[in-house]
Structure formats: structure tokens, C-alpha cells
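Please take me on a tour of this structure. I have it open in a viewer and would like to know what to select next, and what is there.

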Amino acid sequence: MALDSKVPEGPLAEKWTKHKFNSKLVNPANKRKYDIIVVGTGLGGASAAASLAELGYNVKNFCYQDSPRRAHSIAAQGGINAAKNYQNDGDSVYRLFYDTIKGGDYRSREANVYRLAEVSNEIIDQCVAQGVPFAREYGGLLDNRSFGGAQVSRTFYARGQTGQQLLLGAYSALSRQIGKGKVELHDRTEMLDLVMTDGKASGIITRNLITGKIESHSANAVVLATGGYGNVFFLSTNAMGSNTTAAWRAHKKGANFANPSFTQIHPTCIPVSGEHQSKLTLMSESLRNDGRIWVPKKAIPGLTAADAVKLPENERDYYLERRYPSFGNLVPRDVASRNAKMVCDEGRGVGSTGQAVFLDFSDAINRLGKDAIVEKYGNLFDMYQQIQGDNPYEVPMMIYPAVHYTMGGLWVDYNLMTNIPGLYAIGECNFSDHGANRLGASALMQGLADGYFVLPYTIGDYLADAGYEKASTDSAAFKNAEKVVKERIDKLLSINGTKTVDDFHKELGKVMWNNVGMARTEASLKEAKEQIKAIREAFWKDVKVVGTNEEMNLSLEKANRVADFLELAELMVDDAQNRKESCGGHFREESQTEEGEALRIDDAYSYVAAWQYNGEGKEETLNKEELVFENVKLTQRSYK
Amino acid sequence: MNHKLNIWRQKNANDKGKFYTYEVSGVSPDQSFLEMIDELNDDLTRKGEDPVHFDHDCREGICGACSMVINGHAHGPKGLITTCQLHMRSFSDGEEITIEPWRAKPFPVIKDLVVDRTPMDRIIQAGGYVSVNTGGTPDANAIPIAKHLADTAMDAAQCIGCGACVATCKNASAMLFTAAKISQLAVLPQGNAERANRAEKMIAVMEEEGFGGCTNTGACEVECPKGISLEHIARAHREYMSAKFSSHNV
């Protein structure tokens with residue numbers, strides 16, 4: 001299948017403006033004749049649903065949570081990037097574009113990334129107008145801080161709860177449209193399949209999570225804003241309910257899945273404490289502004305945070321500052337994570353498990369005073385103390401990398417449309433802007449860029465030609481899709497095996513973390529593929545799902561999601577096997593520089609790997625979208 | 001550690017519901033409270049019994065989904081945290097633990113510990129926003145906002161919408177929740193244009209949804225996991241009164 005990225009012609013800086021002009025418009029009076037389904041209410045979904053409704057479209061918005069405000073965008077802590085250059089430190093749209101392309105290790109599309117940088121400034125304006133209480137200076141102007149992979153301060157923030165405040169801004173805009181009747185909200189409702197009519201997306205099948213009722217919803221276009229699939233690793237910083245089901249079902253209906261193996265392992269998370277662990281908690285990257293990362297120069301097994309305080313300076317290795325003097329502790333996430341793994345593999349890890357490094361604030365507290373640290377990071381320090389039981393004002397934090405974000409996702413063109421006409425994917429759900437590694441504070445930027453400022457323009461171009469007619473939910477396409485969904489649920493309920501859904505999910509997670517995690521080899525991937533197949537087979541023979549469909553049923557919900565993770569996992573392995581280079585967060589041990597950095601092989605792998613589903617049990621077809629770089633020169637990334 | 005758990009079980013909204021007792025053993029003090037329930041649920045599932053249903057999602061204290069009354073306290077015995085942030089080290093070995101859903105008339109039980117909190121969304125839909133469409137907004141630095149006002153707005157905006165205030169209030173009032181939003185937007189210049197209407201509409205819907213009135217007991221502030229202050233209720237009352245005296249709607 002040939003993939004057309006539909007990137008407009010012309011100079012980089014003019015593409016988006018020209019494209020907006022060339023896109024067809026829908027007359028304001030005609031917009032009300034179109035129905036659009038938006039699945040998900042995070043930054044992408046809520047901002048899209050609100051903006052589309054403001055334009056006059058009829059929107060149906062779905063979320064599995066009890067309220068749209070609970071989508072996991074809410075948990076983003078540190079901030080949102082924008083090229084405002086309020087700090088007069090040399091920032092510009094071009095620099096944000098460049099940093100993002102470089103940070104993504106040259107595996108993203110230039111035109112998309114430039115557009116992202118371009119609309120970033122409007123996002124901040126929009127959020128301020130909504131009443132988002134960003135941090136301010138005493139003069140009343142907005143404050144900024146720095147994030148990894150950048151040498152300017154361009155990150156806007158609201159204490160350690162930026163995601164919460166941005167999401168509540170989008171939620172308030174969405175709520176306004178719900179109140180006006182322009183958005184019909186379906187909470188506690190999960191999308192279980194995509195429906196296609198005449199080769200186009202025509203609706204979705206959902207399950208009401210309270211009553212179990214399977215329902216059909218028809219529309220002129222379907223927008224997936226369903227987030228990432230980090231929970232394939234079982235332990236991640238994602239919410240417990242975050243899942244791949246909507247995206248995966250769309251994939252099985254024909255949407256290409258791009259770069260599935262590109263996973264972001266975040267360097268600063270609270271380490272795993274035991275088998276009982278259900279999820280991992282992130283400590284914001286913003287902490288790396290003032291915290292210094294170190295391990296002892298010589299291995300000290302079981303070194304506690306309390307004892308670390310007494311360790312003299314000359315016995316400490318501030319390894320990021322040593323190896324990367326110009327970026328220091330603010331190297332990009334993939335680099336920081338891999339370095340943490342390296343020092344722990346050398347036996348210099350700390351804490352009872354040896355799988356942790358220190359993040360130390362003592363210098364910052366001495367320099368700025370405790371009050372300044374409380375002001376900047378108070379809630380994060382409290383959160384840490386709550387979970388870990390240590391007081392980070394007195395002893396260093398212990399951190400370790402954890403799965404956080406997935407750069408891969410549904411393949412989309414410049415219009416954010418998948419290869420299925422009428423099916424769009426926005427936010428983390430798509431693959432488009434972050435290449436092989438996302439920079440900190442860029443996820444919020446992308447979610448809101450897609451929802452507020454990109455999709456509302458591009459979707460009109462499709463709808464203008466698509467006509468007002470909607471497929472009937474009584475049509476064979478809907479009835480068949482409902483039948484497939486019901487049969488799968490019946491099957492899950494009838495197995496009545498011996499192991500719980502979590503038993504399988506944990507098993508899968510261990511395979512993924514050990515073999516498809518921070519370092520990947522030909523052998524580890526081969527092994528993973530076999531093991532995943534075995535777990536999947538065992539799942540369908542031996543899983544125990546209790547209760548019935550016609551009630552609230554948490555174990556059924558989980559089973560449905562884990563069944564899809566078990567399929568996606570294998571595609572992640574295929575993708576990682578295919579890409580024999582290292583790039584960004586995808587580290588193939590076979591491809592590294594002498595200094596142990598990720599070594600790209602541009603001649604062979606400068607493409608987006610978009611996978612096409614071929615049916616149950618069959619290997620997928622790899623479609624390549626070559627990446628064309630007209631504006632940046634591909635170099636070995638260096639943060640030294 | 002070993003614990004005896006008394007958990008409220010209720011099949012659905014029409015079921016009467018009652019406490020069931022479960023014994024859990026080998027609990028680690030490093031385990032979170034919800035992870036302790038996860039293990040109980042895995043055991044129940046293996047035995048073919050229905051697991052205990054409860055709302056939860058982010059498990060880091062910010063989404064506002066988790067909602068349990070533990071030994072009589074919303075979100076458990078410790079202050080300023082949500083249920084998902086509570087760890088078993090906060091309990092002593094052998095301690096008996098009673099777990100109930102939020103209990104308030106506007107929050108009917110859906111199943112076990114899961115309740116319907118959509119009335120809170122409807123309060124926001126009534127006016128908890130600034131009426132700006134996407135696009136065409138002024139530059140973010142066009143209107144300077146004094147730091148102390150931005151900080152006050154942020155203090156209020158931290159509300160996670162969990163409903164602990166309602167569950168704790170003897171009147172099942174949603175005043176702390178409603179006031180936090182009224183207050184956030186009242187102190188910011190962006191919210192100024194609609195402040196009178198907003199206060200009137202949100203409080204009207206709060207009453208329509210069956211939440212009780214505020215009698216300034218202050219229990220909500222004590223149990224609020226985000227420490228939202230009663231000052232915001234005072235400000236919301238002022239907003240409401242001044243709206244009533246100056247209403248354009250009369």
C-alpha cells in the first residue's frame with residue numbers, strides 16, 4: 001500500500017498557511033448537518049470535541065471514565081512548550097521545530113513538526129483566555145522553565161499540575177458545549193469496534209460500562225483521541241484504564257499502525273517496590289532543572305538515601321553532568337534513561353533493589369532556599385514522600401526509568417487522517433510528531449495543537465466532499481460489527497479458566513520490559529515473540545472472567561483490553577526486529593556508537609514503518625513512508 | 001500484615017446492599033491501599049466470586065476517580081491525599097478496616113463502591129467556564145495578572161472533582177467543589193465578564209441536582225485531598241450575593 005503523507009508543497013514556513021487556504025470549507029449553516037464522533041476526552045479529545053462543536057458540528061464524545069475530566073492527560077505534571085520567546089533567550093518557531101526534530105532523532109515528519117511549533121503560541125493564548133492559572137512572575141507576566149533537550153526556557157507550567165490545568169481548561173470548553181447541547185457526552189462508555197461503510201469510517205460500536213449494553217453510533221467522521229498503549233508493559237505511568245483497544249480495532253479494520261515499537265521510557269519515576277505494584281508514578285522532568293542525578297563512583301550495594309547524604313562529594317558520580325557537560329541533567333529522556341540503566345547494570349545502582357539512582361536537591365536547597373523549592377515542586381515532593389516514605393527535602397530521591405509514553409500510533413497524513421477515509425487520530429493516539437523520542441512538555445503541546453488548531457481545519461476538507469448522508473445503524477456493517485463484539489465478550493466469559501486477567505497482563509509486561517524495553521537485541525526480540533504467542537494462547541484457554549456482560553464488570557473490561565495488548569505486543573516486537581538501527585528510545589544493542597549512544601542508520605531506516613493488518617494469525621505487511629528532510633541536516637545527535 | 005476488611009457490597013442501584021467481611025493476609029506496608037484491594041480481587045476472581053468494584057484510574061492522586069470512605073473518613077485516615085495515595089504503612093497490623101462508598105443523595109451507588117458523580121459535571125456545564133471559542137484570543141501576556149491572584153486562582157483550580165467534600169458534608173453540599181470553580185474564575189480578569197451569571201447559574205444547578213446548602217461546618221475543607229480552603233466558599237458567597245443584588249437576569 002502506498003502511503004501519501006499529503007504534505008503540501010512549498011517552503012516549510014508557508015506550508016500550513018497555504019494548506020489552510022487550499023482546504024475546502026464547510027458553510028456554517030451546513031456544519032450542523034454533520035455528526036462527528038470523538039473518542040476520548042483528554043487534551044486531544046476534549047479540545048477537538050469543544051472546537052468542532054463551537055464551529056457548529058454535532059459531536060458525540062465518548063470516554064470510559066465517569067467524567068471527561070479524568071482522562072489521563074490530567075496527570076501530566078511539568079509543563080507545555082511554546083515558542084513565545086518571552087524570556088528573550090533566543091527561542092523561535094524554528095528552534096522549537098529543530099529541537100523537536102532532533103530530539104525525535106530524525107524520525108518524524110518535518111512539516112508536521114513545524115506546524116506543531118507554529119501553533120504552539122496560540123495554545124498558550126487560548127489556555128490563558130480560558131482561565132488556566134499558569135505560573136506568573138511578580139510583574140504579572142507568565143513564567144517559564146526549562147525541559148530536557150532544550151537550551152532555552154520555553155516551558156509554561158501551573159505548579160506541578162500543568163496537565164490538570166490544561167485538561168480542565170479543555171474540559172470547561174467541552175462542558176460549555178455539552179451545556180449548549182452541541183456535544184452529546186457518553187461517559188462510562190468504551191469503544192469496542194470501528195464500523196466501515198463503503199470503505200469509509202462510518203461509526204463505532206460501544207459498550208455501556210454500567211449496563212453492558214452494546215450500542216451502535218453512526219457519524220460522518222470518527223476521531224480517535226484514545227491515548228497511548230504504554231500499559232502493554234503492565235507497569236507504566238499510564239492510568240490503570242489506559243488501553244489500546246480503540247486504536248487496535250481500527251488497525252484491524254485497515255488503519256496502518258506506525259512505529260509501534262517507539263516507546264518512551266521516562267527517566268524519573270519512583271522505583272518498583274515489589275510484586276504487588278500496580279503502576280508506576282512519574283516524578284516530573286522539571287525536577288531535573290534543580291535536581292542533580294548521581295550514583296556512587298564505586299558500587300555500594302543497598303546504599304540508602306539516608307546514608308547517601310553522608311557520602312563525600314568525591315565519591316559521587318554525577319554521570320550526566322560528566323558525560324554531557326552542555327546539557328547536563330537536562331539531556332533528553334531517552335539518553336537519561338539509558339544512562340541510568342547503564343550505571344545500574346554496572347552494579348552502581350542504589351537502594352534495596354539496586355535498580356535506582358539518586359536525584360538530589362541539596363545543592364538547590366542550599367542555593368535557593370527550601371521555600372523556593374516548596375513553591376516550585378512542593379506537590380511532587382509530597383507525592384514522593386507519600387509513596388516512598390522518605391523526605392526528599394532531607395535525603396535524595398531515588399528514581400528509575402519507567403514506561404511513560406508511546407511515540408508510535410496510528411499512521412496519519414498531514415491532515416491527521418489515517419489511511420481509512422473519515423478516520424482521524426489525534427494526540428498520543430497517532431504517531432506523527434515525536435519521531436523516536438518525545439521531548440518533555442511536548443505531549444501537552446501536541447494534544448492541544450491537534451484538537452484546537454489542526455483537526456478543526458483539516459476535517460472540513462474531508463466533510464465538504466463526503467456528503468451529509470450517514471450510514472444507518474441498522475445496516476449490515478453495524479449489525480455484523482455488533483455481532484463480532486458480542487461474540488468476543490461471550491467467549492471471554494465462557495472460558496472460565498484458572499488465571500486472572502492480571503496474571504496474564506503481568507506476565508506479558510515482564511516479557512515486554514525485559515526483552516522490548518530500554519535495550520533490545522535480535523535474540524531478546526526473537527524470544528519475546530515466542531513468549532507473547534504462548535501467553536496469548538494460554539490467555540484464550542485459561543483466563544477467568546467472572547460475572548456477566550449485563551452489569552458493571554471490571555474483570556470483563558480488563559479482559560477485553562488485555563486481549564488487544566496481547567496482539568499489539570507482537571507487532572511491537574516485529575517493528576523492533578525490523579528496525580535494526582538504534583534511534584531515540586529504540587535502542588538496538590547491535591547499533592551503537594563507541595560511546596554507547598544510539599546509532600542511526602539513515603540510509604536504511606529513514607522511514608516511518610507503517611504496518612498493515614492481514615487477518616488473524618498472519619504476519620503484517622510493512623508499508624514505508626520515506627522521511628524527506630529538506631530543512632534540517634541529519635547528524636548524530638549530540639548533547640555533550 | 002493481616003487485616004479484616006468490612007466492605008460495602010451492592011450489586012446495583014436497586015440492590016439494598018450490605019457489608020461483607022474479608023480477611024487479607026501477607027499485606028506489605030509498601031503496598032498501596034488499592035493494591036491491597038487488587039490482591040483481594042484477584043483472590044475473589046480465582047474463587048469465581050465477583051470482585052469488589054471501585055473507581056480508580058491514574059493512581060497518583062490527580063484524576064479524582066478513587067472514592068472510598070475508609071474507617072469513616074473520605075480517602076482514609078491521612079490528610080491531603082486521595083485513596084490511591086494511601087499506603088498500608090498507615091495502618092497497624094491486625095487493624096480492622098471498614099470501606100464504604102461516598103454516601104450522598106445526589107451520588108447514587110452504581111455498584112459496590114462506585115457511585116454516580118455526574119451531577120458535578122452538570123454544575124460545571126452550567127457555567128464553570130469562560131465563554132471563549134477556540135482561536136482569536138489575545139496574546140497570553142497582554143493582560144498581566146498579579147502573582148498573588150494567579151496563585152489564589154491556582155489554589156482553587158487544584159480541585160480534582162472527587163466529591164469527598166460532598167461525601168463528608170452532613171448536608172451533602174457541593175459548595176466547596178462549586179465555590180472552587182467560581183472563585184478561580186472570579187479572581188482572574190478572564191473570568192470577570194461572566195462572574196455574576198456564573199455564580200448564579202452554578203449554585204442554582206447545584207441545588208437542582210439535590211445537593212444541600214452550605215452551613216459552614218468546614219468538614220469539607222478537612223477532608224479535601226487538595227486542601228481547598230473555605231475562603232473560596234466565602235468568596236463564592238460574595239459572588240452570589242453581589243450577583244443577586246446586581247443581576248441582569250431579574
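Let's begin inside chain A, at the place where its two assigned domains meet: the count between domain 1 of chain A and domain 2 of chain A is two salt bridges. Keep in mind along the way that this is a predicted model.

**Stop 1: the two domains of chain A**

To find these domains, select residues 265-404 of chain A for domain 1 and 477-605 for domain 2. Their centres, taken over C-alpha atoms, are 30 Å apart. Each side brings 13 residues to the contact. Together the two domains bury about 1,000 Å², and carbon and sulfur atoms give 56% of that area.

Now show the side chains of Arg323(A) and Glu597(A), which meet in a salt bridge with 3.6 Å from N to O.

Next, colour helix 10 (333-345) and strand 15 (397-406) of chain A, each of which supplies at least two residues of the side of domain 1 that touches domain 2. Helix 10 of chain A has the largest share of that side, with five residues. Sorted by class, this side of domain 1 of chain A holds seven nonpolar, one polar and five charged residues.

**Stop 2: chain A as a whole**

Chain A has 18 helices and 19 strands. Its radius of gyration is 24 Å, close to the 26 Å that the globule rule gives for 640 residues, so chain A is as compact as a globular protein of that length. Along the principal axes, the C-alpha atoms of chain A fill a box of roughly 75 × 60 × 50 Å.

**Stop 3: where chain A meets chain B**

Bring chain B into view. Here 76 residues of chain A are in contact with 74 residues of chain B. The two chains bury about 6,300 Å² between them, 51% of it from carbon and sulfur atoms. Select Arg70(A), His276(A) and Gln386(A): they supply 11% of the area that chain A buries against chain B, more than any other three residues.

How many salt bridges does the rule find across the interface of chain A and chain B? There are nine. For one pair to look at, pick Lys279(A) and Glu60(B), whose side chains form a salt bridge at 2.7 Å, N to O.

Helix 6 of chain A gives the most, with nine residues. The side of chain A that touches chain B has 28 nonpolar, 30 polar and 18 charged residues.

**Stop 4: the two domains of chain B**

Finish with chain B on its own, selecting domain 1 (3-111) and domain 2 (117-246). The centres of these domains of chain B, over C-alpha atoms, are separated by 29 Å. In this contact, 19 residues of domain 1 of chain B touch 20 residues of domain 2 of chain B. The buried area is about 1,400 Å², with 60% from carbon and sulfur atoms. Highlight Leu80(B), Pro106(B) and Phe107(B), the residues of domain 1 that lose the most area to domain 2, together 37% of what that side buries.

Across this interface of chain B the rule finds one salt bridge. Show Arg117(B) and Asp55(B) to see a salt bridge whose closest N and O atoms are 3.4 Å apart.

Technical notes: Residues numbered from 1 in each chain as written. Chains lettered and ligands numbered in written order. Predicted model: local features only at pLDDT ≥ 70, side-chain atom pairs only at ≥ 80, totals over all residues. Heavy atoms only, no water. Contact = heavy atoms within 4.5 Å. Buried area = accessible area lost by both parts, 1.4 Å probe. Salt bridge = Lys/Arg side-chain N within 4 Å of Asp/Glu carboxyl O. Helix = DSSP H or I, 4+ residues; strand = E, 2+ residues; numbered from the N terminus. Nonpolar A, V, L, I, M, F, W, Y, C, P; charged D, E, K, R; others polar. Domains from an automatic or database assignment. Rg over C-alpha atoms; globule rule 2.2 N^0.38 Å.
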